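Student: I'm new to this one. Could you take me through a single part of it up close, and then show me the whole around it?

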Amino acid sequence: MSRGLRRNAMAAAIVLAVGMAAGPVFAQDPARLDQQAREAAWAGRTAEALHILDKHLAEHPDDRAARLDRARWLAWSGDYAASIEALDALGGDDDEARALRARVQAWAGRRDAALALNQPLYDAHPDNYDVAWTQALAQRLGERADLALPALARVQQLQPDSKDTKDIAKVIRLPMYSWIGAPASVYSDSDDIEIRGWGLDANLRISDTTRLLAEVADRTHEATATGPFAPLFGGDHVDESRVEVGAQFAATPDIAFELRGGQSKLDFVNGGHDTATIGRLRFSQRATDDVFYAIAFERDRVAYSPRILSQGVMRNGAVLDMVFTPTLRDTIAVHAGADHFSDDNDHRAVSADWRHAVHRSGNANVDVGLQGEWQRYTDNPGTGYYAPNNYRRIAPVASTYIALGPEAGLYIGAALGVQRDETFDNWKRASDISASLTLGIFTHWQLVASAGYSERLNQFGRYEGTSFGLQLRYRFCEFRADRCP
């Protein structure tokens, strides 16, 4: 054998030996992918864990433990619908699958479904940490979060230092807070109307069923003194001071009543005053996991502009709000109102908003859908407010919630549609954009900053409106320490 042939044969042998030795290191063993996925999930990399696990399940479709993990991690990502679908595909629930299904239903806000599944497990295994955790989460839902305290006590007894224990305590504590707040806002539009307001409000939890409510506010309604929306009594603004007190009573975990009453006082530039009684009575019920509704009767001022405000026009009305969640991906909200104004005008309005979940992850949620609106006034008095006889608006809508950390979140929504009333020759553009930033989701101090922009093209040109708001709250629970986890 020549020297060159011997050298080539030796090189080939070295390559073969190295390849045989390195094979176990570099080859991807499908039997180990499930463990790699679990390690990624435990490290908080849920999307990566799901990607790896899908590869494992492609080779091992009958691995029930891996399929349960996949359903669990989909729920961790907030995709509750996909998680339930994954559980359904298992073809039957054992206790482990039933416990996970209950947890997902509780995360999705479906109290009845979660308790129907979890209560028998909790009765049979009260010392099972995961089952007790789900029980606490499910019983926290609704108007009586205090019902979760016994299950939470069991969770804290079983694993007092666990991060999951601390997290569920925060979640249960949140609706038990009392709070005092300082809201401030400013609205302005291209009709030269500006409304500036600030105030103080309070919501005090005095028992497991009852809260006391209070609010004081000052508002300045301003318009150009020579314009069509200026006050009747001269000047360019009307000052309003409001005081309201009330109470909220939770009759059951599903039913609540709210009553508010107070006064609104107007001060005019010429020194005149006007005082009126305002109030609200509201009944709400979560009829099923899929249906929530609230009926309210209200009396308040009509405050579209300084001009109509200066005329002392009052509104007596009824409002119906309904929320349907027919699936874990779909939410439909409907609002209907009927008002009688003291200037003998009647107002009717209906709006609907459908949202469909298209993306869920640990960091961001994205929904798309459709909005529709109709409203009608029996008269157009021309006394300082827009009163169409047949207003219609329809708009595709998209929104996202971005988690900025455990204590902060950003919501952004946009509706880009069209509108028309009886005076329009054709449909015109109608767009809305809003954003809200929340800091301190679970902490004592919370700050919510919001902004909104509306654009309406109409027969008279372009209308634009902007709004900004700040809400600073201090939340506390210590004066009822025996009922605060």
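Student: What does the accessible surface of the chain come to, and what percentage of it belongs to carbon and sulfur atoms? After that, please zoom in on Asn345.

Tutor: The accessible surface of the chain comes to about 24600 Å², with 58% of it belonging to carbon and sulfur atoms; areas here come from the Shrake-Rupley method with a 1.4 Å probe, and for residues only the protein chains shown count as cover. Before we zoom in, note that this is a predicted model, where local features need pLDDT of at least 70, side-chain atom pairs count only at pLDDT 80 or more, and totals for chains, interfaces and linings use all residues. Residues are numbered from 1 along each chain as its sequence is written, and side-chain values use heavy atoms, leaving out hydrogens and water.

Now for Asn345: look in the loop between strand 9 (330-341) and strand 10 (346-360), strands being DSSP runs of E, at least two residues, numbered from the N terminus. Asn345 counts as buried because its relative accessibility is 1%, and buried means under 20% relative accessible area (1.4 Å probe, protein chains only). Its side chain reaches the backbone nitrogen of Asp379 at 2.9 Å. Skipping neighbours within four places in sequence, Asn345 is also in contact with residues including His340, Tyr377, Pro381 and Tyr385, where contact means heavy atoms within 4.5 Å.

Stepping back, buried residues make up 39% of the 485 in the chain. Along its principal axes, the C-alpha trace spans about 115 × 60 × 35 Å.

Note on methods. Helices (H or I, at least four residues) and strands (E, at least two) are DSSP runs, numbered from the N terminus. Buried means under 20% relative accessible area, exposed over 50%, partly exposed in between (1.4 Å probe, protein chains only). A polar contact is a pair of N or O atoms within 3.5 Å; within protein, one must be able to donate a hydrogen and the other to accept it, and residues adjacent in sequence count only if both atoms are side-chain atoms.
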